[in-house]
Amino acid sequence: MRQGIQHEMVRSELEEVVGTDFISVTETDKLIYSADWSWMPQMWLDRGQSLATPDYIVHPESAAEISALLEIANKYRIPVIPWGGGSGTQGGALPIYGGIIVDLKRLDKIIEIDEKSLTVTAEAGIILSQLEWAVNEKGLTLPHYPASANCATLGGCLAPRGTGTISTKYGKAEDMVLSMEVVLPTGEIMRTPAVPQHASGPDFFRLFLGSEGTLGFITEATMQLDYLPAERLLRAVLFDDLSKALEAGRQIMTNRFDPFVIRLYDPDSTRTRVNKIHGYELEGAYMVMGFDGDPDIAALQEQKSMEICSELGGKDLGREPGEGWWEHRYDFYYPPQNLKLPWMYGTTETVTTYDKIENLYWAEKKAVEEGYADWNVKFIGHFSHWFHWGVMLYCRFIVENPPEDAQEALRLHNRIWNTAMTAVMENGGMINEHHGVGLKLSRFMRRQYGDAWPFLLGLKKAIDPNGIMNPGKVGFGF
Ligand SMILES: Cc1cc2nc3c(=O)[nH]c(=O)nc-3n(C[C@H](O)[C@H](O)[C@H](O)COP(=O)(O)OP(=O)(O)OC[C@H]3O[C@@H](n4cnc5c(N)ncnc54)[C@H](O)[C@@H]3O)c2cc1C
């Protein structure tokens, strides 16, 4: 479909829908929309290789326009790829088979802020920080705080089931969504019931959370808000032993002391990341905890949690490092602290129950470090998003001197991922907790789901009969 008469016919039909100002086929735009933030396409471009590019980039401004675009795509059987901020790290928005990139950022309106029910209804292409600033003016917050809030869109956070820094108290993005407007792959526009917690049939709207654009477009969402907290207490604790630190976190959660954050760094992260960013010289497992809301309740929750830490040998480092961590919590992800090419890196984040998490951590670390000792691979991790029943483990592997050749680098990257994901699945973990599956983890979906996989495939086929929606992602379309 690169050129020729059909290309032009489709282009003129797309123009009819969005207008000539909101469609692009320039080589520059095609290049920009060929890579998201995942390592694979970034490395590929860095090594002078070319990527699959989209045939068209369109910027619709409404669900009705998206519906009309889908009619055209179904007629010609052209892939359609939703694009939010392009900040995804899994290759979820890559146009691997060409097709139409649908950039959603013109759907950026705030429709209603309900200060009584504490909800906001907004279009899905709004950038998260812009939504946050608007609700902040009313003393409210949307407590989904990903490190990418300045570039990620609301729909882009819901589609891969994202998690933010304060999820331990407030939940994942999917826990805050009350209802959604969705455009199905066949073009129908559907709104789910305004009230999410009911017993009027199955909770089908959750299907679109985690679908990453393979089952349609999220075009609008009503989200639960919270009051901006009157108090935010932060504190740092140092443990000699990772095991004891994990047990402290578990006890704080199972006793429901309600921290908004527990960030526990393994000793290697403490040494290489925490010390570097904050200028410390600490050894051990470094933990930051936070409690917010009513000052009296937050103080009591903090006190009870500190008692648990102290009984398990945690050394209280006081408030200042905790507050410093909060101030610099995103530094880790941005220049000059972020990981950069030509290094090879990957974030293998997983989640499992408390009875398995420590074994999983050691098994994955051993498999990656020993399996790729020749490449001097480093493996560091931290435990962030805590639940009543378990915790998320965010690991990174880093190779400072990877192969120069793009093919060889990609092969090594894939092999390390295979090793890491095998260790994760063999030890009871999920292949992912919040970055989504995208292209990178697609190949593991069948194994992850086993007997349930044909059910998911059947759903995909029923909802997207022509297979046009984001093919090759979330394990679909192979
Ligand atoms: C520096 C940095 C820090 C990050 N920190 C976090 C973090 O703390 N927590 C976290 O969860 N993630 C984080 N991420 C990953 C990424 O930002 C999130 O996954 C984010 O939610 C993606 O939003 P986006 O709008 O950029 O989506 P995109 O990258 O554009 O798209 C992601 C996927 O969702 C699909 N999609 C996008 N919009 C829609 C829609 N409206 N309807 C249907 N499908 C859609 C796309 O097709 C694609 O498959 C980080 C990324 C970076 C680069």
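What follows is a short chat about a predicted model of a protein with a ligand.

Student: What does the secondary structure of the protein come to?
Tutor: There are 16 helices and 18 strands. Keep in mind that the model is predicted.

Student: What box do the C-alpha atoms fill?
Tutor: Roughly 70 × 60 × 45 Å, along the principal axes.

Student: What percentage of the residues is buried?
Tutor: Buried residues make up 46% of the 478.

Student: Which residues have the most contacts inside the largest nonpolar core?
Tutor: Val-102 and Met-287. That core has 120 residues. In soluble globular proteins, nonpolar side chains tend to be buried together.

Student: Take Val-102. What is it in contact with, leaving aside neighbours within four places in sequence?
Tutor: Val-58, Pro-60, Ile-66 and Leu-69, plus the run Val-80, Ile-81, Pro-82 and Trp-83. Strand S3 spans 80-83, and S3 also supplies at least two residues of the shell around the ligand.

Student: Besides S3, which elements each supply at least two shell residues?
Tutor: Helix H6 (154-158) and strand S10 (217-224).

Student: How does the shell divide by residue type?
Tutor: 16 nonpolar, 20 polar and three charged.

Student: Back to the fold. What share of contacts with a separation of 6 or more joins residues 24 or more positions apart?
Tutor: Those account for 72%.

Terms used
Residues are numbered from 1 along each chain as its sequence is written. This is a predicted model: local features need pLDDT of at least 70, side-chain atom pairs count only at pLDDT 80 or more; totals for chains, interfaces and linings use all residues. Helices (H or I, at least four residues) and strands (E, at least two) are DSSP runs, numbered from the N terminus. A residue is buried if 20 or more other C-beta atoms lie within 10 Å of its own, exposed if 12 or fewer, and partly exposed in between; C-beta atoms are placed from the backbone. Two residues are in contact if their C-beta atoms, placed from the backbone, lie within 7 Å. A nonpolar core is a set of buried Ala, Val, Leu, Ile, Met, Phe, Trp, Tyr and Cys residues joined through C-beta atoms within 7 Å. A residue is near a molecule or strand if its C-beta atom, placed from the backbone, lies within 6 Å of it. Ala, Val, Leu, Ile, Met, Phe, Trp, Tyr, Cys and Pro count as nonpolar, Asp, Glu, Lys and Arg as charged, and the others, Gly among them, as polar.
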